[in-house]
Amino acid sequence: MSNVVHFIHGGGFVMYPLILLLFLSVAVMVERLLAFRQLGYIPRGLLEKTLELARAGKYDDALKICDAESGPMAACLTIILKHRHEPTREIERLVEETGQNYFIRLEQFLPVLDTTTTISPLLGLLGTIIGMIGTFNAIALQQNKGNSDAVLAGVGEALYATATGLSIAVICFAAYNYFTSRLRGITARTEQASTQLINVLMERHHLEHPHQP
């Protein structure tokens, strides 16, 4: 514990905003992991079962299994089945509205990680510059005394701040890419599933009503 305190004090005042950014980023990561687990859930096999029931014309059964699940895909499939008698454009509008409600909530707080990735190295660089300024001042004051402690303290301050800033940036960059990649995957799978179900319903409509447009 004393080593951590010494490390923080050794890096100068820029270590305090860096540590604050670190704790904030970790909180966002934990919160987003829980949010993606709940809001980004894609039930395994749901699409295949729904398409199979829809092709057989068992819309009520398909609606039951979709309505029993959570996540954007289940919500969009449920909307499609509930409004299957509406025009295709209206169904697509409702699906987009439903999906966006999930995607916006999944994207929430991710800019914090993106911003921290950019700011942390800059704060580290600021600490480096301040530390080097202290080093040069120490050199000027100690050049005739032969005491290098102040010089080494300034160099240490520069290195601590730089290492901390870069470490935080690397962690946040990896986390941000992970969450955005998951978000893209969830969005793509939801949109693809919605399109496939709409196409199946259109095929069924043409089979059941061959003379209607």
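Axes here are lines fitted to C-alpha atoms, for helices over the stretch in contact, and angles run from 0 to 180 degrees between N-to-C directions. With that in hand, welcome to the close-ups. This is a predicted model, in which local features need pLDDT of at least 70 and side-chain atom pairs count only at pLDDT 80 or more, while totals for chains, interfaces and linings use all residues. Residues are numbered from 1 along each chain as its sequence is written, and side-chain values use heavy atoms, with hydrogens and water left out.

**Figure 1. The overall fold has eight helices and zero strands.** Helices (H or I, at least four residues) and strands (E, at least two) are DSSP runs, numbered from the N terminus. Mean pLDDT, the predictor's confidence in each residue from 0 to 100, is 86 for the protein, and 79% of the residues score at least 70. Confidence is lowest in helix H1 (residues 2-10), with a mean of 59, and highest in H5, at 96.

**Figure 2. H2 and H6 pack with their axes within 9 Å.** The two axes cross at roughly 165°, so the helices are roughly antiparallel (over 145 degrees). Arg32, Ala35, Phe36 and Leu39 of H2 make the contact (heavy atoms within 4.5 Å) with Tyr102, Arg105, Leu106 and Glu107 of H6.

**Figure 3. The largest nonpolar core has 44 residues.** Such a core is a set of buried Ala, Val, Leu, Ile, Met, Phe, Trp, Tyr and Cys residues joined through side-chain atoms within 4.5 Å; buried means under 20% relative accessible area, exposed over 50%, and partly exposed in between (1.4 Å probe, protein chains only). Leu77, Ile80, Leu81, Leu106, Leu113 and Leu197 have the most contacts inside this core. H8 (149-208) gives the most to it, with 11 residues.

**Figure 4. Helix H5 is largely enclosed by the rest of the structure, because 10 of its 11 residues are buried.** Look for Pro72, Met73, Ala74, Ala75, Cys76, Leu77, Thr78, Ile79, Ile80 and Leu81, the buried residues of H5.

**Figure 5. Glu92 sits in helix H6.** Glu92 is partly exposed, with a relative accessible area of 42%.

Technical notes. Angles under 35 degrees count as roughly parallel, over 145 as roughly antiparallel, 65 to 115 as roughly perpendicular and the rest as oblique.
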